[in-house]
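Please walk through the following model with attention to how its parts meet.

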Amino acid sequence: MIDTSPVACKEFFSYLEKLFSISVSDIRAMIKDFHVEMGRGLSGDESSLKMIPSFIDKPKGNERGDFFALDLGGTNFRVLAVKLDGKGNARVPFASKFAIPQEDMQGTGVALFDFIVGCIDAFLTENQVDRSKTYDLAFTFSFPVEQTSIAVGKLIVWTKGFTATGVQGRDVVGLLIEALKRKNISCINITALANDTVGTLAARSYVDPACDMGVIMGTGTNACYRESISNIEKLDVPIADGHMIVNMEWGNFDKVRRTCYDRPLDKASVNPGAMFLEKMVSGMYLGEITRLVLVDLIRRDLIFGNQAHGAGCFAKRGSLRTKGMSRIEGDKTDRLDGVALFFKTNGISNITLHDKILLQRLCRIVSARAARLGAAAISAVLTWIDPKLKDVHTVGIDGSLFEKYPGFKTKMDDMFKELFGEKAERITLVHSKDGSGKGSAIIAAVAASSKP
Ligand code: BGC
């Protein structure tokens, strides 16, 4: 029989805290594993880190020009016009955002690319763009892509809930060109293909030379950093000096300790057996992990005791979103009125203060693990670049989790202090806004300026 006493509740929460905790020694072990996987990925051996060369170095800050940029990688698709002034300023004179219909995300690739081109067409019309001229366009495509040059790359595998058929294994720039032709749009010249992390690094390093790493903590998670070309052993090119940005695809890192809540989440996802780190760290999944624990708490009668119907409200997969967690954790009122309101709008009223405290604690447990794992992954990359942390490093980060989740950045900074002591001051996490928009235009400008 399940023990539902307050003591049982206390014990269960202590158990959860332990289950989700990431100690400094866990982090040290994770850093070691990360380094092994990074080395293997760079040399072309089997690794959970794909370590994809981007064929571009970071900008110098003097790149200039007018570009269009496409941003595909989350629930919305964006088309932007970006103006670079060559003095570190990237302006967006106009931009449009479109929600991607579920049937295009999970239908056929042709439908998805036709949707994209339909949005481009609407953007050109709305902003009265002269179609008799030609415009350089940078395509931010935030999925694992095996790039073979700056504007050519095959999708390895979909992530973040996308499943459109006929795209995996194909060059996504080629698919875009075909879709543009189908709609008779000939004023677009695709000059760069970039991952959002690469755009984020570019956007920050355009104004800050100490930036050598770009990170996304949003719907998904990933990072890129600046690597010596001589270390990218798998790169079959004659040039061996200089640097290149490497897209790590760290969301797929698999040397992580998963819990009895992570496993069913993975099993029910559209990509089971993959993206283990992403499924513990990113916005697409944190709400679902929390929901699975909540369902367990309800099943054990440790919460919502006064709400017979409580269980039903969160029975459905996806019914608790990370956005909701952030409202729960961010509630600073004495009686946690915000938490009560959140649950009221989800059909659970008259929630007790005790339950509100438990819910806030639960969100904190799940988000703290995410922040600490994210910080551990950053530490691994920085100690790969600079083992003794002799230099200062700026990490440009974008994504709603980092930007909006209450206390996320503080939890990451705290972990750096635990791990590195005073040297943690050498690591600065900076919100690099709109790397996937402005950043890819900067990449296009770097590509244009490095053409022989
Ligand atoms: C993708 C990465 C991307 C990250 C953040 C992951 O699911 O595989 O390419 O950078 O999400 O958007």
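Between domain 1 and domain 2 the count is one salt bridge, a term that here requires a side-chain nitrogen of Lys or Arg within 4 Å of a carboxyl oxygen of Asp or Glu. R226 forms a salt bridge with D57, and their closest N and O atoms are 2.8 Å apart. This is a predicted model, in which local features need pLDDT of at least 70 and side-chain atom pairs count only at pLDDT 80 or more, while totals for chains, interfaces and linings use all residues. Residues are numbered from 1 along each chain as its sequence is written, and side-chain values use heavy atoms, with hydrogens and water left out.

The division itself, which comes from an automatic or database domain assignment, places 1-52 + 207-433 in domain 1 and 55-194 in domain 2. Although the C-alpha centres of the two domains lie 28 Å apart, 19 residues of domain 1 are in contact with 17 residues of domain 2, contact meaning heavy atoms within 4.5 Å.

The area buried between the domains (the accessible area, with a 1.4 Å probe, that two parts lose on being put together, summed over both) is about 1500 Å², and carbon and sulfur atoms give 63% of that area. Within the area that domain 1 buries against domain 2, I52, I245 and V270 supply 28%, more than any other three residues.
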